[in-house]
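Hi everyone, thanks for having me.

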Amino acid sequence: RILLLCNAPHWRERGITQEEICELLDIQTSTCNPRVNELACKLGYLRIIGVRKISTGRNAQVYQITPAGRERVGNSERSGT
């Protein structure tokens with residue numbers, strides 16, 4: 001679900017924070033963080049492209065799907081959000 005969300009056209013261009021992933025997929029941070037870390041660090045399906053402010057005012061890493069991630073989800077254009 002995370003990769004499909006990251007592959008949606010809006011997020012593929014802009015990138016997405018873990019906070020946005022949690023809100024959009026209605027999942028807890030404690031569930032999201034390990035998955036995002038695995039997708040980025042272990043599997044290489046996401047990459048960090050910078051930081052931006054989140055609702056707390058803190059800077060958060062912004063993730064973008066990689067070509068390997070797009071290949072993993074079949075380069076789907078029909079993902080939601």
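Let me start with a term: a residue is called buried when its relative accessible area is under 20%, exposed when that value is over 50%, and partly exposed in between. Keep in mind that what you see is a predicted model.

Now, is E20 buried or exposed? Its relative accessibility is 16%, so E20 counts as buried. E20 lies in helix α3, which covers residues 18-25, while R52 lies in strand β1, residues 46-53, so this pair ties together parts that are 32 residues apart in sequence. The link between E20 and R52 is a salt bridge, with the closest N and O atoms 2.9 Å apart. Like E20, R52 is buried.

Why might such side chains meet at all? Because side chains of opposite charge can pair when their charged atoms come close.

Which other residue forms a salt bridge with E20? That is R14, and here the closest N and O atoms are 3.2 Å apart. R14 has 39% relative accessibility, so R14 counts as partly exposed. The structure holds 2 salt bridges, and through shared partners R14, E20 and R52 are joined into one network.

Let's follow the strands next. β1 pairs with β2 in the antiparallel sense, over 7 bridges. For example, V51 has Q61 in β2 as its bridge partner. Between the two strands of this hairpin there are 5 residues, and G57 takes a positive phi near 90 degrees. Strand β2 itself, residues 59-65, is mostly covered, with 5 of its 7 residues buried.

Note on methods. Residues are numbered from 1 along each chain as its sequence is written. This is a predicted model: local features need pLDDT of at least 70, side-chain atom pairs count only at pLDDT 80 or more; totals for chains, interfaces and linings use all residues. Side-chain values use heavy atoms; hydrogens and water are left out. A salt bridge is a side-chain nitrogen of Lys or Arg within 4 Å of a carboxyl oxygen of Asp or Glu. Buried means under 20% relative accessible area, exposed over 50%, partly exposed in between (1.4 Å probe, protein chains only). Helices (H or I, at least four residues) and strands (E, at least two) are DSSP runs, numbered from the N terminus. Two strands pair if DSSP finds at least two bridges between them.
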